[in-house]
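My entries follow the structure.

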Amino acid sequence: MGHMATEIVAFILTISGWILVSSTLPTDYWKVSSVDGTVITTATFWSNLWKTCVTDSTGVSNCKDFPSMLALDAYIQVCRGLMIAAVCLGFFGAVLALIGMKCTKVGGSQTIKARLASLAGCHFILSGLCCMTACSIYAHRITTDFFDPFFVAQKFELGAALFVGWAGSVLCVLGGLIFCFSLSEGCSVRTEFSYNGASSFVAAHNSHSKTANSLNREAPQPPRQFGRNAYV
């Protein structure tokens, strides 16, 4: 029962992390910059993996999609690939987790379910690492341009999407590590069953031998009868 509760907690953590990771991909504010006027903010520039936009003080936004995928910067293409991989790995991890958890009725024996749960944990760990790497690469580029004194173009700051992605990555990794312990527990259960079976066989064999010996000892010896010629 305790192991089943642990798997449920791990499933909640990983699904929550995967939802955060999936929501990070289309989120707008990966990087943000503001142009301040004398009294109010006149414009806010923000960008994500797919487009760049500007919002004026009246709340009207004008966006422009990136014109060509091949003409993009290398770090944006890498971040796109890592985020898509993170979403796909998390999806397959969720399917394997549903099959491998003890509270479900599919998946086969307990050993097979433990291996499936461990495989799901590996998928979630890889998903979290992919998202964490993508957010870190994007954040590194922002901070490098921001603190570069020779960078004369507009400077941006870290957006909310990066922090959401980091949070989802941590949840996926933590839940995946918990799922990975299911394999070790499944192997220990199988080893314990084998050991108990061997000891039970030896105990039964010894008990049978002792019973046979006691019956032989307690059996009465038949009286010996000798003929007349035996005394001659």
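I took buried to mean under 20% relative accessible area, exposed to mean over 50%, and partly exposed to lie in between (1.4 Å probe, protein chains only). By that rule C135 is buried, at 0% relative accessibility.

I noted that this is a predicted model, where local features need pLDDT of at least 70, side-chain atom pairs count only at pLDDT 80 or more, and totals for chains, interfaces and linings use all residues. Residues are numbered from 1 along each chain as its sequence is written, and side-chain values use heavy atoms, with hydrogens and water left out.

Next I looked for disulfides (a pair of cysteine sulfur atoms within 2.5 Å). I searched the whole structure and found 1 disulfide. It joins C53 to C63, with 2.0 Å from S to S. C53 lies in strand β3 (residues 51–56) and C63 in strand β4 (residues 61–65), so the pair ties together parts 10 residues apart in sequence. Strands are DSSP runs (E, at least two residues), numbered from the N terminus. C53 is buried at 3%, whereas C63 is partly exposed at 43%.

Then I turned to rings of Phe, Tyr and Trp (its six-membered ring), which pair if their centres lie within 6.5 Å; planes under 30 degrees apart count as stacked, over 60 as edge-to-face and the rest as tilted. I counted 7 aromatic pairs. F91 and F92 have ring centres 5.6 Å apart and planes at 70 degrees, so they are edge-to-face. I also noted one aromatic cluster formed by W30, Y75 and Y138.

Terms used
Helices (H or I, at least four residues) and strands (E, at least two) are DSSP runs, numbered from the N terminus.
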